[in-house]
Amino acid sequence: MTKDLKTGLSRRSALSLMGAGAAALLTPNLLGKPAFAQTPPDAPTGRVIVGLSQEPTVFNPLMPKIEVDDNVHFSIFDALFRINENGEFVPNLAAEVPTLENGGISEDGLSWSVKLRDDVTWHDGEAFTADDVKFTLELIVNPDFRAWRTTGHDLVRDIEVVSPTEITWRMEEPFAPYLSFLTETFIVPEHILAAAEDPNEAPFNREPIGTGAFKWGQRTAGDALTLVANPDYHGEGPYIEELIFRYIPDMTVLFTQFQSGAIDVVGRSYITQDNYEAAKALPDRQVDLVPAPSVESIYLNLERPQFQDPAVRQALYYALDRSAIIDVLYYGLPEATETFMPRQSAYYHDSLPAQEFNLDRAREILDQAGWVTGSDGIREKDGVRLEFNNSTTTGAHLREQTQQFVQQTFAEIGVRMNIENMPAAVMWGDFWVLSQFDSAMVGITYLIAADPDVTNRLHTDAIAAQGGNGSNTGQYSNPEVDALLDEGARTFDPEARMAIYREVQEIVRSDLPFLPLFSYTQVYGRKAGLDGFVPNTNTRSETWNAASWYWS
Amino acid sequence: MAAFLLRRLLQSIVLLVIVSIIGFTVLNLIPGGPLAQYALDPGMTEADRLRIAAQMGLDRPLYVQYLEWASRMVQGDWGTSYRDGNPVTTVIARHVPATLLLMGSSTVIAVAVGTWIGIRGATHRNSASDYVATVGAMIALSIPTFWFGLIGIYVFSLRLGWLPSGNMYTIGDGSVLNVLHHLIMPSVVLALVHIAIWSRFMRSATLDAISQEFVKTARAKGVPERRVVMKHVVGNALLPMISLAGVQVPSLLTGALVTETVFSWPGMGRLFLDSLSYSDYPVVMGLLMFSAILTIVANFIADVAVALVDPRIRLA
């Protein structure tokens with residue numbers, strides 16, 4: 001059921017679908033509908049209880065939020081488009097996805113025009129129109145409004161409502177990732193929020209009104225949130241009467257409640273890896289391994305003299321026994337990777353050179369580069385010793401064990417890695433953001449809204465420690481990559497973008513600004529009778545298509 | 001009496017101010033802050049985080065933030081939760097009932113059982129049952145609550161299927177019976193530790209009372225042993241318990257951190273942990289002031305109660 005919608009779809013054809021507007025020709029009902037669906041019920045029936053280890057608390061979808069809040073937003077609200085499990089854009093509130101071909105986006109990428117559905121109403125009965133879209137896009141960049149992300153939105157100018165079903169705007173500069181960003185930009189009702197004295201404090205933020213498949217029901221703080229079916233939904237579904245999010249803070253108890261049947265779906269943070277075998281053995285449960293978008297790696301602070309020599313980075317990579325780390329420490333569940341690009345992204349480069357664990361080769365590289373072993377067994381060159389700290393969150397057991405493992409293999413090639421862990425708040429504060437670490441053990445999601453643009457992580461202008469605006473905490477700087485990223489952000493043609501981001505991955509693989517360990521895998525679990533469930537790691541939500549769920 | 005009340009009131013206010021200053025300072029000294037949860041958010045730039053911090057007023061000097069918070073607090077405005085946008089008083093009020101139910105029932109169990117074990121231990125000192133109670137109390141005090149909780153869930157929920165594995169009610173069934181069913185395990189687990197505390201206190205207080213002259217006199221007069229214990233011993237032994245209750249009562253409302261987490265109980269302890277981990281300053285400060293006020297009031301009531309019960313103590 002978690003298989004691709006169209007099995008046998010090649011990456012290339014998927015890619016052409018993504019941009020060419022062919023997706024718009026597919027029915028909007030394709031939102032995650034399984035290929036062999038049985039007939040869903042005529043009227044919404046039953047309820048689904050989703051257990052979450054964090055509590056959703058932010059209900060205005062434009063305000064700062066975490067992943068679990070997205071579960072609520074995807075159910076109550078709609079965006080102009082959505083991105084499905086194959087990475088294809090499908091219309092949501094829009095009537096079609098704008099592309100170069102259909103003229104929705106001009107050749108220079110600066111003029112956008114979006115046609116909207118005419119059959120959408122808000123949960124309170126008011127009609128949805130282009131004014132709501134205009135209001136939403138303007139609210140995000142309103143300096144008094146506490147907006148979540150503003151990247152992309154800050155380039156939008158001259159928003160014009162042509163008709164209730166058409167809106168146009170101009171971009172300050174061409175920015176291709178904006179299409180992806182809009183799949184996470186949920187449209188809010190103008191007729192309610194424009195009237196609010198302060199949109200940051202509006203009652204709407206506590207009892208939202210959207211256009212989505214589910215309406216606000218009732219919330220018991222610290223316990224449960226109930227959403228109820230919206231019978232007037234313009235898209236497919238909903239087939240269930242109630243969608244309930246239950247907050248179960250303890251991960252062990254989250255799994256226990258799945259075992260005992262108290263919850264129907266294990267939501268974030270899913271089933272812990274050590275319980276995977278036990279989960280698979282449960283009767284009447286469907287347990288799946290789902291690739292996650294985040295990549296675990298040893299992040300190097302490239303401003304440190306130890307890491308500036310590419311030979312050192314290569315040698316360290318040869319000295320990583322990744323398969324042992326994955327099999328012994330991580331129960332064999334994650335997959336080794338050579339790139340930051342998530343495996344299920346259409347832009348994933350699958351033919352990068354594979355890493356090899358080879359200590360002799362590592363020593364050879366260091367010898368050739370002139371790193372000489374000193375009296376204490378540590379190599380050095382020009383007064384720089386191959387000794388550095390590695391940091392991660394205190395108490396992250398698997399990472400701590402990985403550190404000890406890596407420490408030993410590094411020692412065998414004359415490199416001393418000291419473990420220097422700290423509490424999460426310290427670790428991921430200025431220490432991380434302003435690149436005060438030597439090296440870090442970290443899991444990072446590189447893509448924003450599934451767009452392949454990684455400017456924020458790998459562009460020279462994104463080094464916060466050097467006054468840049470972004471999260472390039474490894475301080476990686478390669479003019480070639482900068483140029484490619486700039487070009488990729490301006491390019492709308494999917495084939496051309498494909499070539500660009502493949503090249504970026506090749507250069508990054510050879511530069512090794514960080515040492516990739518593996519891409520994460522999450523263990524999803526649900527009751528076997530729940531149909532229509534489709535994991536979609538192009539979103540941050542496991543309930544993104546709850547409108548299509550039903551009990552068989 | 002009026003002078004006593006006035007002095008206690010002034011002391012309390014000074015205490016509250018000190019608590020709030022220390023609390024506010026420590027809270028803000030903890031690295032991270034309300035925006036730390038977005039540190040690894042790929043789409044949020046440092047500029048976004050700085051902008052949001054400024055919009056929330058977090059970029060101002062600490063004393064300015066404190067004075068603003070304090071002046072609002074004095075006017076009865078406890079602030080608004082960063083996490084869910086509700087007034088802090090509403091947030092607290094929503095979590096109190098669950099905690100009151102859990103703590104109330106576990107305290108009833110703990111006081112009843114603990115008092116009985118304590119009295120029995122003292123009157124049957126060094127008997128087999130006294131040893132069992134003593135060792136039992138030591139074990140209950142030294143084993144972490146979450147361990148008891150998880151073992152309980154494993155045995156009674158997963159293996160036997162008798163009790164639910166957490167939460168306060170089954171979705172779709174909010175009946176009293178259903179809530180009571182969910183209440184059994186967390187309240188018993190929580191009571192275990194409190195039984196241990198109460199029984200140890202009660203035992204030593206009873207022993208103190210038993211060795212008093214008036215007990216000897218009563219026995220010499222030929223008063224039946226049962227009556228000696230119930231009237232003379234227990235009556236006097238309960239006196240120090242009033243002070244202990246004064247210390248324990250605030251926890252009725254401030255909740256149990258670990259038990260509420262293990263059993264997904266939507267109470268104040270859980271709220272405190274979550275608010276702390278998300279650096280929801282207004283709620284953490286609200287909870288701090290709430291429990292400080294409760295502690296002050298409960299201790300005051302306990303002092304007055306002891307004075308009323310024990311004619312040897314006078315309030316001055």
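Biologist: Hi! Which elements of chain A make a right-handed β-α-β unit?

Modeller: In this predicted model, strand E15(A), helix H12(A) and strand E16(A) form that right-handed unit. The helix covers residues 397–411.

Biologist: And how do E15 and E16 of chain A pair, parallel or antiparallel?

Modeller: They pair in the parallel sense, over 4 bridges. E15 spans residues 387–391 and E16 spans residues 416–419.

Biologist: Nice. Let's zoom out: what domains does the assignment give for chain A?

Modeller: Domain 1 takes in 3–212 + 523–551, and domain 2 takes in 292–520. Their C-alpha centres lie 33 Å apart.

Biologist: How many residues does each domain bring to the contact?

Modeller: Domain 1 of chain A brings 21 residues and domain 2 of chain A brings 20 residues.

Biologist: Which element gives the most on the domain 1 side?

Modeller: That's helix H1(A), with 6 residues. Helix H5 (178–182) of chain A also gives two or more. By type, that side of domain 1 divides into 11 nonpolar, 8 polar and 2 charged residues.

Biologist: Switching to the chains now. How many residues does the contact take from chain A and from chain B?

Modeller: There are 46 residues from chain A and 42 residues from chain B.

Biologist: Which helices of chain B supply at least two residues each?

Modeller: Those are H2, H4, H6, H10 and H11 of chain B. The largest share, 5 residues, comes from H2(B).

Biologist: What's the make-up of that chain B side?

Modeller: The chain B side that touches chain A has 20 nonpolar, 15 polar and 7 charged residues.

How values were computed. Residues are numbered from 1 along each chain as its sequence is written. Chains are lettered from A and ligands numbered from 1 in the order in which they are written. This is a predicted model: local features need pLDDT of at least 70, side-chain atom pairs count only at pLDDT 80 or more; totals for chains, interfaces and linings use all residues. Two strands pair if DSSP finds at least two bridges between them. A crossover is right-handed if, with the strands pointing away from the viewer, the path from the first strand over the helix to the second runs clockwise. Two residues are in contact if their C-beta atoms, placed from the backbone, lie within 7 Å. Ala, Val, Leu, Ile, Met, Phe, Trp, Tyr, Cys and Pro count as nonpolar, Asp, Glu, Lys and Arg as charged, and the others, Gly among them, as polar. Domain bounds come from an automatic or database domain assignment.
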